[in-house]
Amino acid sequence: MAARGVDSAVVLGLVAAGGAVGASARYAVGAALPGLWGTLAANVSGSLLLGFLLYEALRTDRLGDRTRTLLATGVLSSYTTYSTFAVETALAAPVVGAAYLLGSYGLGIGAALVGRDVAARVDPRPDREVEV
């Protein structure tokens, strides 16, 4: 029981530390590209990195649970901002909102697939392929 409490505290610390880094990076992107473009840039680049990281974690055993928790759950989940995306979409003019919605999802999914492809090229051994 005590070990589980320690593990939970470590996970919480990893998510919190990663979240601080991701939120700071997201703030920097928003300062450089205010509004819809900054949110789009953060979500697409975050999807690219998540696609790479999570596919690499599936293919190899190089990323441990704690590293994956720190980077995926902490940094990149905090860096991407789908809540801001939802608010911006709802507040935009209907045509802009629809284009933003479709573009964000299309680019985000495409970026995740590119990240997956890059991960597959980093270590192309056939025994590392993941059945989907």
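**Buried positions and salt bridges**

Modeller: In helix α5, the residues Gly 97, Tyr 100, Ser 104, Gly 108, Ala 111, Gly 115, Ala 119 and Ala 120 are buried. This is a predicted model, and the buried residues of α5 pack against α2 (36-59) and α4.

Colleague: How do you know that the length of α5 is close to what is expected at 1.5 Å a residue?

Modeller: Helix α5 covers residues 94-122, which is 29 residues, and the distance from its first C-alpha to its last is 42 Å. The expected span is 1.5 Å times one less than the number of residues, and for α5 that expectation is also 42 Å.

Colleague: What makes Arg 121 and Asp 117 a salt bridge?

Modeller: The closest N and O atoms of Arg 121 and Asp 117 are 2.8 Å apart, and the cut-off for a side-chain nitrogen of Arg and a carboxyl oxygen of Asp is 4 Å, so the pair qualifies. Arg 121 and Asp 117 are four residues apart in α5, which means about one helical turn between them. In an α-helix, residues three or four places apart point the same way, because there are 3.6 residues a turn.

Colleague: Why is Arg 121 called exposed, and what is Asp 117 called?

Modeller: Exposed means over 50% relative accessible area, and Arg 121 has 61%, so it counts as exposed. Asp 117, at 35%, falls between the limits of 20% and 50% and therefore counts as partly exposed.

Colleague: How many salt bridges does the structure hold, and which side chains meet at 2.6 Å, N to O?

Modeller: There are three salt bridges in the structure, and the side chains of Arg 68 and Asp 65 meet in one of them at 2.6 Å, N to O. Both of these residues lie in helix α3, three residues apart, again about one turn of the helix. Asp 65 is exposed, with a relative accessible area of 54%, whereas Arg 68, at 27%, is partly exposed.

Colleague: What is the relative accessible area of Glu 56, and is Glu 56 buried or exposed?

Modeller: Glu 56 has a relative accessible area of 6%, which is under the 20% limit, so it is buried. Its side chain forms a salt bridge with that of Arg 62 at 3.1 Å, N to O, and Arg 62 itself is exposed at 53%.

Colleague: Why does Thr 81 count as buried, and where is its place?

Modeller: Thr 81 has 9% relative accessibility, which is under 20%, and therefore it counts as buried. It is placed in the loop between α3 (65-79) and α4 (82-91), and apart from its neighbours within four places in sequence it is in contact with Arg 26, Thr 39 and Asn 43. Its side chain also makes a polar contact with the side chain of Thr 84 at 2.7 Å, and that distance is within the cut-off of 3.5 Å.

Colleague: Which residues make up the largest nonpolar core?

Modeller: The largest nonpolar core has nine residues, namely Val 29, Ala 42, Leu 53, Ala 57, Leu 63, Ala 72, Val 75, Leu 76 and Tyr 79. Helices α2 and α3 each supply at least two residues of this core, and α3 gives the most to it, with four residues. Leaving aside its neighbours within four places in sequence, Val 29 touches Gly 38, Ala 41, Ala 42 and Tyr 79.

Terms used. Residues numbered from 1 in each chain as written. Predicted model: local features only at pLDDT ≥ 70, side-chain atom pairs only at ≥ 80, totals over all residues. Heavy atoms only, no water. Buried < 20%, exposed > 50% of the residue type's maximum accessible area, 1.4 Å probe, protein only. Polar contact = N/O pair within 3.5 Å; in protein donor to acceptor, adjacent residues only side chain to side chain. Contact = heavy atoms within 4.5 Å. Core = buried A, V, L, I, M, F, W, Y, C linked by side-chain atoms within 4.5 Å.
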